[in-house]
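Please find below some numbered remarks for reading alongside the coordinates.

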Amino acid sequence: MIHVLGAGSLGLLWSARLASAGIDCRLILRTPSALTEWQSRGSTVLFEHLGQTEPVGIGAECARSSAQPVERVIVATKAYSAAAALASIAHRLAPHCNILMLQNGMGSQQNASLAYPHLKVLYASTTDGAYTKEPGHVVWAGAGITRLGDPQGAPSPIWLQQFVDAGIALEWEPDITRILWQKLAINCAINPFTVLHDCTNGQVPELAGKRLNALTIELRELLGLQGLDISQEELSTMVHDVISRTHSNSSSMRQDVAAGRRTEIDFILGYASRQALLSGLHLPTLQSLYQELRTHLATLGLPQD
Ligand code: KPL
């Protein structure tokens, strides 16, 4: 049995894919009222992909009121909700439980490893794009790939094979921390500018001007201190590749702002900035961008973390 913690778009996407492949899975919902609402919709999600919509039945339970042990759990919440979501099922985590963290940015995964040192905590970075059209209706807008790995360097656990057999695009990464740092650098280089200039990813180079290059130079320094040997040219190419592949997209942060939602700033720029300070690294472009973004969010009445 696979539990999926979080019923946002990513949680619904994962549970719909698992359930339609015949994999035994259950959604864990936060409150009894969320469970009642789920059941009132027939415990079914409408799963839309490539213009086709199918109803998929998924069993659900409430985090605190169920006593069933959790042996494998996919944490599909936003980064800022992951710790509380895991804490709500801490009493149910089996001694051999495996936790798979799907969050954006960095920090939430490391916090889970610290909070549950006796459990296997796997980290993932996904390029799947999904959104909730209306409650109980998830759209898989962009089929991507999920790269995952064990930060302790252990090999892929056998239970993941059922996902591969179900056709879910997974790639095991022997060095997942490196992948997360690269993704973090890319997010730091794109997301803040899309919010500050209210622009698509493709408009970032023009609107950010010289700051984009200055920031990439600083991010490379930060990656270097984390043991990532990457040249300035490689990092810059990576950033520009993502920009051109996603040129008409709104970054996740810009989408959050547009929807009046809390952003994951603290797990993207906040994490990078704290790691720089811890290493005694002075990164003026990153720090000023972080502060500008925090001020901008406050002006919009959104949390600064
Ligand atoms: O991951 C992304 C995000 O929006 O958070 C990028 C890479 C910027 C693509 O939109």
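1. In this predicted model, the largest nonpolar core is made up of 63 residues, and those with the most contacts inside it are Leu86, Ile89, Leu93 and Ile99. Helix 6 (residues 176–196) supplies the largest share of this core, namely 12 residues. The core also draws at least three residues from each of domain 1 (2–174) and domain 2 (178–299).

2. Leaving out residues up to four places away in sequence, isoleucine 99 touches Val73, Val75, Leu86, Leu93, Tyr116, Leu119, Lys120, Val121 and Leu122.

3. On the division of the chain, the protein is split into domain 1 (2–174) and domain 2 (178–299), and the centres of domain 1 and domain 2, taken over C-alpha atoms, are separated by 26 Å. To the contact between them, domain 1 contributes 15 residues and domain 2 contributes 13 residues.

4. Which residues are around the ligand? They are Lys183, Asn187, Ile190, Asn191, Asn201, Val242, Ser251 and Ser252, and helix 6 gives the most to this shell, with four residues. A polar side-chain atom of asparagine 187 is 3.0 Å from a ligand oxygen atom, an N or O atom in the side chain of asparagine 191 is 3.2 Å from an oxygen atom of the ligand, and for serine 252 the corresponding distance between a side-chain N or O atom and an oxygen atom of the ligand is 2.5 Å. On its own the ligand has 280 Å² of accessible area, and the protein covers 85% of it.

5. Helix 11 (residues 269–278) is mostly covered, with seven of its 10 residues buried. The buried residues of helix 11 are Leu269, Gly270, Tyr271, Ala272, Ser273, Gln275 and Ala276, and they pack against helix 4 (108–115), helix 6, helix 8 (210–225) and helix 12 (284–299). After helix 11 comes glycine 280, which has a positive phi, near 70 degrees.

6. Most residues other than glycine have a negative phi. Serine 43, although it is not a glycine, has a positive phi of about 50 degrees, and its place is in the loop between helix 2 (32–40) and strand 3 (44–49). Aspartate 198 is likewise not a glycine and has a positive phi of about 45 degrees; aspartate 198 belongs to the loop between helix 6 and helix 7 (204–208). Is aspartate 198 buried or exposed? Aspartate 198 counts as exposed because its relative accessibility is 55%, and the cut-off for exposed is over 50%.

7. Serine 66 is found in the loop between strand 5 (59–62) and strand 6 (70–75). With a relative accessible area of 16%, serine 66 is buried, since the term applies under 20%. The side chains of serine 66 and arginine 92 are joined by a polar contact of 3.3 Å. Not counting residues up to four places away in sequence, serine 66 touches Glu61, His91 and Arg92.

8. Alanine 82 has its place in helix 3 (residues 82–88) and is buried, because its relative accessible area is 1%. Once its neighbours within four places in sequence are set aside, alanine 82 is in contact with Val75, Thr77, Met101, Gln103 and Ser108. Between alanine 82 and asparagine 111, which are 29 residues apart in sequence, the C-alpha to C-alpha distance is 9.1 Å.

9. Proline 135 is in the loop between strand 9 (129–134) and strand 10 (137–142), and it counts as exposed because its relative accessibility is 58%. Which residues does proline 135 touch, not counting residues up to four places away in sequence? The residues in question are Glu37 and Arg41. Proline 135 and glutamate 37 are 98 residues apart along the chain, and their C-alpha atoms are separated by 9.6 Å.

Note on methods. Residues numbered from 1 in each chain as written. Predicted model: local features only at pLDDT ≥ 70, side-chain atom pairs only at ≥ 80, totals over all residues. Heavy atoms only, no water. Core = buried A, V, L, I, M, F, W, Y, C linked by side-chain atoms within 4.5 Å. Buried < 20%, exposed > 50% of the residue type's maximum accessible area, 1.4 Å probe, protein only. Helix = DSSP H or I, 4+ residues; strand = E, 2+ residues; numbered from the N terminus. Domains from an automatic or database assignment. Contact = heavy atoms within 4.5 Å. Near = heavy atom within 4 Å. Polar contact = N/O pair within 3.5 Å; in protein donor to acceptor, adjacent residues only side chain to side chain. Areas by Shrake-Rupley, 256 points an atom, 1.4 Å probe, with all protein chains shown as cover.
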